Amino acid sequence: MPKQTPPSDGPSRTRYGATHPERVESELWQKAIRENWSGYDLRKRSARRSPLACRDYSHSSYRDSDPGPYWSWERFGRTTTKLTDGRILHIAGEHEDSYDPDFCIYNDVVVEHPDGRREFYLYPRKVFPPTDFHSATLIGDEIILIGSLGYHDLRRPGETQVLKLETRTLRMTPVLTTGEGPGWVSRHTAESRESSILLVGGNVQTQDGYKPNEGVFELDLTTMTWRRLQHGDAAILPISDDIYRRCKNPRHGTANPERSDNPFWLEMARRRWPPSRARLHFGDFAPPEPKWKLPEDSPDDLEFGTPEADAWIARVSAAKNRDKLVRTVDDVVWTAAREETLHMTLPDGRTLQIGGEVKDYGDEYADPWIYNDVIVTYPGGAIDILTYPVEVFPLFFDAAVGVLHEDDVYLFGMLAQERNPARPSGTAVLRLDTSSYEIAELPVAAPAARTRVNIYQGSDTRHGNLIVFPLVRLRDSDFELGVAFDLETLTWSAPFPHPHPRAG
């Protein structure tokens, strides 16, 4: 059993474990999680000054200095794994960045029990090196941890860090692997297969610098041997390179609805792969994301809302748009992994994914697209992808709000003219027939003049046949008003004090 330290308020700063593992009772760390305290907050409460700014916080030796980094639950690159017995294991990660005196790469495990209790376990550095931006794959009663960014002085280019955590004893074991591995990899994705783990994406630390991982690697869990896979391996995705090239792009429909038989789309919908994952599989690497920098003459005394501030924002926005990667539909890879998408479950067990988009920044910067389709998943696992002309299903500015009424789904959304040049901005109400999947836009008169309905997921409340939305407040001094859509009369109400008087 893990050795346990005597109960106390516990340490305020982090440290390595003295045993393997060492359970620490710390009411201070418990409170830090409850109160959302950072390392800086704990440092303030300890009345200890920060060390001089010239200290090298990025070197692993700083963790053992005095006072060293203060403990924090605010971390990047931490993994969270839910076990079959209801426990959740939160593993390692880093706090802040190397400019901060509380920058720390952790090597701990925090166990969260179903009743809300938390337990803290520390490990010796030789057993569990400081680890962040790794992957954690649950295999039976073990978690396989692969990769780490780590402190600069602890990185080992050419090697791949692999650790095994026993979920019953919480003992950590370094794993020796052989074969052709990805190298010192981090920020990647690990996918569990029958007796192996597939590793894709991320970045690799080499002797020449930090580079994207463009390989696909498989770790055999029986022999702990790595091997590099060929791009386009049909055992992973049963789609040929030729089909991928012909079918990878998104398209709007030509009928109401048009049922797609695109084999690539269907496989992507089953797997929920983002575009970057498909690109890695086929070796179809996207162009580098343009690097944009804030102009050096950025003013620091602008007042929000003034003409000067508006002009500056317009200038910055124009510069950002000018420097973005130019994409056409023939450059973009289709995906079901989207933002601003609507998920609904019907009474018969069918699930609907409606619309959504991929932004032109972040991990999927190369594949922006606004979708106006419906992906239907049936209880048995079958999938239909239904596409529509833009004239039938316009491109919403944000996620639609969906309401089931009788056998129809009513979709409420905001239209922006730049997305729908043939029509003005405003509110649209669509009706989706859940039997035929036909979509009809309702000829609904707009809400009261000079009002804007605030439509976003969670903004609606239902009171019988009324669907209530708030109105956008243009000034802080404006009253909080709302409007209601009547599903029986298909009309908008006049504005009223929000929340609705009939609420509750």
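Of the 28 residues in the largest nonpolar core, Phe264, Met268, Trp334 and Ile385 touch the most other members. Such a core is a set of buried Ala, Val, Leu, Ile, Met, Phe, Trp, Tyr and Cys residues joined through side-chain atoms within 4.5 Å. Buried means under 20% relative accessible area (1.4 Å probe, protein chains only). At least two residues each come from strand E14 (196-200), helix H3 (241-247), helix H4 (263-271), helix H5 (275-282), strand E22 (369-377) and strand E23 (383-387). Helices (H or I, at least four residues) and strands (E, at least two) are DSSP runs, numbered from the N terminus. H4 gives the most to this core, with 5 residues. Apart from it lies another core of 21 residues, including Leu352, Phe393, Ala428 and Leu430. The model is predicted: local features need pLDDT of at least 70, side-chain atom pairs count only at pLDDT 80 or more, and totals for chains, interfaces and linings use all residues. Residues are numbered from 1 along each chain as its sequence is written, and side-chain values use heavy atoms, with hydrogens and water left out.

Phe264, Trp265, Leu266, Glu267, Met268 and Ala269 of H4 are buried. The buried residues of H4 pack against H3, H5 and E23, with contact meaning heavy atoms within 4.5 Å. The N-terminal end of H4 is capped by Asn262, which places a side-chain oxygen 2.9 Å from the backbone nitrogen of Phe264. Just after H4, Arg272 takes a positive phi of about 60°. Trp334 touches Phe264, Trp265, Met268 and Ala269, among others, not counting residues up to four places away in sequence. Its partners also include Tyr371, Asp373, Ile375 and Ile385.

The structure holds 2 cavities of 30 Å³ or more. A cavity is a set of points, on a 1 Å grid over the protein atoms alone, where a 1.4 Å probe fits but cannot get out; lining residues have an atom within 4 Å of a point. Volume is the space filled by probe spheres set on the points, which are joined across faces, edges and corners. The largest cavity holds about 110 Å³ of space. Its lining has 17 residues, and Gly355, Gly356, Tyr371, Phe396 and Asp398 lie nearest its centre. Strand E21 (351-358) and E22 each give two or more residues to this lining. E21 gives the most, with 4 residues.

The second largest cavity has a volume of about 50 Å³. Trp265, Trp334 and Tyr371 are among the residues that line it. E22 supplies the largest share of this lining, 5 residues.

Conventions
Buried < 20%, exposed > 50% of the residue type's maximum accessible area, 1.4 Å probe, protein only. Polar contact = N/O pair within 3.5 Å; in protein donor to acceptor, adjacent residues only side chain to side chain. 1 Å grid on protein atoms, 1.4 Å probe; cavity = no way out; pocket = protein on both sides within 12 Å on 5 of 7 lines; lining within 4 Å.
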